[in-house]
Amino acid sequence: MAKASTTTSSRTYKAATRRASRETRGAPRSSTGAAAYTLSAAREAELLREAESLGESTVFFPGKLARRVIWASRIQLAAERDAADLVRTPFPEDEPALTREEIRALRDKIELLRVTQSRWQAVQQRQERAIAMFKGPAAEAALHRQALLRFFDLRFKKSPEGQKRLMAIRAGSGDADLVQDVSDLLVLCSEHAEALRKAPRGEADAAARLRELSPELARMLADKTFSPEAQRARRLRDAAYTLVVHAERRLRAAAEYWYAGTDKMKDYAPFPVSRGAASIGGRRKRRKARGRAWPWRCAGFLNRWSRSLAGEPRRRDVAGSPRLTQPRPPRSIAPARRGSGSARPP
């Protein structure tokens, strides 16, 4: 009986793995040529409203979408297989009863997780491209900024008000500060346009180039920052993952009521946490413990060192040993030796 159950569980896991792998790659669900499973617009809007209703009580999605989809699909297939038992689970009065519709709805939530993860990745890729594109124009603008500041340093040599404006431009750092510096410098250039045209080191060309770069830098800065669109995409992705986790927990609780201690529970096991992520908390605790203990370790070392200088016996020596019965001589007095033997007591 146990062997048959194990075989069934293994077959169910392999089926879920094959199906979820095809869905992750966008392939058809079955060999009959059926279309890939997709959410209808109405169903997606309904699930998005449910996800948004979670507010801040969401679980951060740890990544590994393909593995996560395979694992959740395995649980959903096992729940469909055992639905006749699971729907009769006596949940507490403050929880709704488990239904077949709720079991089938896990499939929709898995698909919503895939959709929201794809949208978040698209936003993230646009942000990464904007960051890479920003570097070239920013470096060029920094060079022109330096040239114009050198020009205005000389022009405002006897003007405290002008020097204050230059100090304000030089203050701060970062991409946003560079964009603001370009805007402030262009104001100065417009006020001293005649002097710039007479400057012999190409300051007029630098000002003209900054006028071209200024709107481009402002646009790319907006694209590379964490925009409200990116925040919403990540929040919806985490909320969709939370819906999947909550649904799995409900199915797992029902399965534990019916199949605790049997091989069927293997199909409802929680997603394994990576070894590195699980050990982070332990490493932090050990580092904190070592940080608190180092003064006491130093004190113990100094205590042992002072005792050794005074010739006192060590506490961890075995009782009755020569070190305990006869104290160690001071280090300034070299003990006599006989051949290659140990030191002779005084």
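Trainee: Which residues of α9 are buried?

Mentor: This is a predicted model, in which local features need pLDDT of at least 70 and side-chain atom pairs count only at pLDDT 80 or more, while totals for chains, interfaces and linings use all residues. Residues are numbered from 1 along each chain as its sequence is written, and side-chain values use heavy atoms, with hydrogens and water left out. Helices are DSSP runs of H or I with at least four residues, numbered from the N terminus, and buried means under 20% relative accessible area, exposed over 50%, and partly exposed in between, with a 1.4 Å probe and protein chains only. The buried residues of α9 are Glu203, Ala206, Ala207, Leu210, Leu213, Ser214, Leu217, Met220, Leu221 and Lys224.

Trainee: Is Lys224 buried or exposed?

Mentor: Lys224 lies in helix α9, which covers residues 203–224. Contact means heavy atoms within 4.5 Å. Leaving aside neighbours within four places in sequence, Lys224 is in contact with Gln127, Ala130, Ile131, Phe134 and Asp175. Its relative accessible area is 15%, so Lys224 is buried.

Trainee: Where does α9 bend?

Mentor: In α9 the bend is about 35°, with Pro215 following within four residues, and the place is Leu213.

Trainee: Within what arc do the buried residues of α2 fall?

Mentor: The buried residues of α2 are Arg43, Glu44, Leu47, Leu48 and Ala51. The arc is that of the directions from the helix axis to the C-beta atoms. Seen down the axis of α2, the buried residues line one face of the helix, because they fall within an arc of 135°.

Trainee: Which helices do the buried residues of α2 pack against?

Mentor: The face of α2 turned away from its buried side carries the exposed residues Ala42 and Arg49. On the buried side, the residues of α2 pack against α5 and α10.

Trainee: Which residue meets Arg119 in a salt bridge?

Mentor: A salt bridge is a side-chain nitrogen of Lys or Arg within 4 Å of a carboxyl oxygen of Asp or Glu. By this rule the count comes to 25 salt bridges. Arg119 lies in helix α5 and its partner in helix α2, so the pair ties together parts that are 75 residues apart in sequence. The N to O distance is 2.6 Å, and the partner is Glu44.

Trainee: How many residues apart are Arg219 and Asp223?

Mentor: The side chains of Arg219 and Asp223 meet in a salt bridge, at 3.7 Å from N to O. Both lie in helix α9, about one turn of the helix from each other, and the separation is 4 residues.

Key
Helix = DSSP H or I, 4+ residues; strand = E, 2+ residues; numbered from the N terminus. Bend = angle between axes of the 7 residues up to and from the residue.
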